[in-house]
Amino acid sequence: MASPLSGLRVLEMGSLLAGPFCGQLLGDLGAEVIKIEPPRQGDPMRQWGHRKVGGRSLWWPIIARNKKSITLDLRKAEGQELAKRLVREVDVLVENFRPGTLERWGLDPKTLLELNPRVIIVRVSGYGQTGPYRNRAGFGSVAEAMGGLRHITGYPDRPPSRIGISIGDALAGTLGALGALAALWHRDYGNGGGQIVDVAIYEAVLAYMESLIPEYALTGYVRGRTGSVLPGVAPSNIYPTADGQWLVMGANADSVFRRLCELMEQPELAEDPRFATHEARGQNMELLDSIIAEWTSKFPIDWLVEALNEAGVPAGKIYTAREMLEDPHFAAREAIVWVNAPGIGRMPMQAVFPKFSATPAQVRWPGPELGEHNREIFCGLLGLSEAELAELAQKGVV
């Protein structure tokens, strides 16, 4: 059965994370994604990752899944001409070079839109295509700090911490994919044409900062680091268990809190003026959390999770990869799939999300070998002869 984006063709330029994650999302949903990589060395993501198997990155099969790899030196005139020919054949171009790079290569949006007036050009960069910081090198970690995330992450008595994944790049890639689809809708159903989608990583982070800006502008309040809690929201924390683990629980709604009190055999807490309302619980968070922690520490985590969920109180374990691979809910929803990756063998990875009832999306193949699809794209799509392709390879263009 067709996937949601079957028939859509995407050309992915750039490397590492933000742009390629945008390409991954579009490919996951069924688009044909043609990824351009530098000849010989390829995308650095082929080498990234804390652990490797057989000298191969375990990150690459995920970030490059459902993509076709071609090699092309965009710094050479012949490579630039081939890139222009490719742009004529695609619906979306995704790039995440530093602003001005495409322009230096003669691949500026004005030129590309003249070649293909219907192409959507998604440009992902640290600070966007305009503004005084546009030319700065923009990695996700710095953009996370500028977008407000770093300042509120961690504990108040320690320096700002980072989240253990490249969240800024992922958020930017997600907004890039969303922007591409919105632009395609306008092109195809709004009597529009091609256009530029300008994604700044710091703005992708800023988009998720809730009411942080008006809280300061209108009340002078600066959100800070609060560890494992949200100010004013209680009980919603992690709590110790009898077997040395940590339980995550959220019971901040009035009705849920009453159910928790009944399970704890302390129903009077729900009527206590210090805890009877959402606002009161927030003001007395530390005291309430200490009462709950004293209760949870008497029971093993499995009993707590079962009892709390049976009582209608959201609660669960803090999962690692081990728990994910062993959990029956993950298995029932096929949230993790196993694929055969070149040079690695059979390996698990997260499935495609969200799920579609009529047009299911899937991992069709893991990250490809470098230049695996050169012949298919250059000869099949662009019409080059085998001799022309061989000559370009000899020159180092592909």
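Visitor: Which residues of helix α16 are buried?
Guide: In α16, which spans residues 374–381, the buried ones are Asn374, Ile377, Phe378 and Cys379, where buried means under 20% relative accessible area, exposed over 50% and partly exposed in between (1.4 Å probe, protein chains only). Seen down the axis of α16, these buried residues fall within an arc of 165°, so they line one face of the helix; the arc is that of the directions from the helix axis to the C-beta atoms. Helices (H or I, at least four residues) and strands (E, at least two) are DSSP runs, numbered from the N terminus.

Visitor: And where does the model come from, and how are residues numbered?
Guide: This is a predicted model, in which local features need pLDDT of at least 70 and side-chain atom pairs count only at pLDDT 80 or more, while totals for chains, interfaces and linings use all residues. Residues are numbered from 1 along each chain as its sequence is written, and side-chain values use heavy atoms, with hydrogens and water left out.

Visitor: Back to α16, what do its buried residues pack against?
Guide: They pack against β2 (32–37), β5 (67–71), α3 (77–87) and α17 (386–395), with contact meaning heavy atoms within 4.5 Å. After α16 comes glycine 383, whose phi is positive, near 85°.

Visitor: What about the loop between β5 and α3, is aspartate 73 there buried or exposed?
Guide: Aspartate 73, in that loop, counts as buried at 13% relative accessibility. Leaving aside neighbours within four places in sequence, aspartate 73 is in contact with Pro39, Gly79, Gln80, Gly396 and Val397.

Visitor: Which residues have the most contacts inside the largest nonpolar core?
Guide: That core has 42 residues, and those with the most contacts inside it are Val10, Leu26, Val92 and Val122; a nonpolar core is a set of buried Ala, Val, Leu, Ile, Met, Phe, Trp, Tyr and Cys residues joined through side-chain atoms within 4.5 Å. Helix α7 gives the most to this core, with 7 residues. A second, separate core of 29 residues includes Leu11, Leu93, Leu112 and Val397.

Visitor: What does leucine 26 touch?
Guide: Not counting residues up to four places away in sequence, leucine 26 touches Leu5, Val10, Ala31, Val33, Val94, Ala177 and Leu181.

Visitor: Changing topic, how many salt bridges are there?
Guide: The structure holds 26, each being a side-chain nitrogen of Lys or Arg within 4 Å of a carboxyl oxygen of Asp or Glu. One of them joins lysine 110 to glutamate 114, with the closest N and O atoms 2.9 Å apart, and because these two are 4 residues apart in helix α5 (residues 109–115), they are separated by about one helical turn.

Visitor: What does arginine 281 form a salt bridge with?
Guide: Its partner is aspartate 254, the closest N and O atoms being 2.6 Å apart. Arginine 281 lies in helix α11 (residues 278–283) and aspartate 254 in helix α10 (residues 254–263), so the pair ties together parts that are 27 residues apart in sequence. Arginine 281 is buried, with a relative accessible area of 0%, whereas aspartate 254 counts as partly exposed at 34%.
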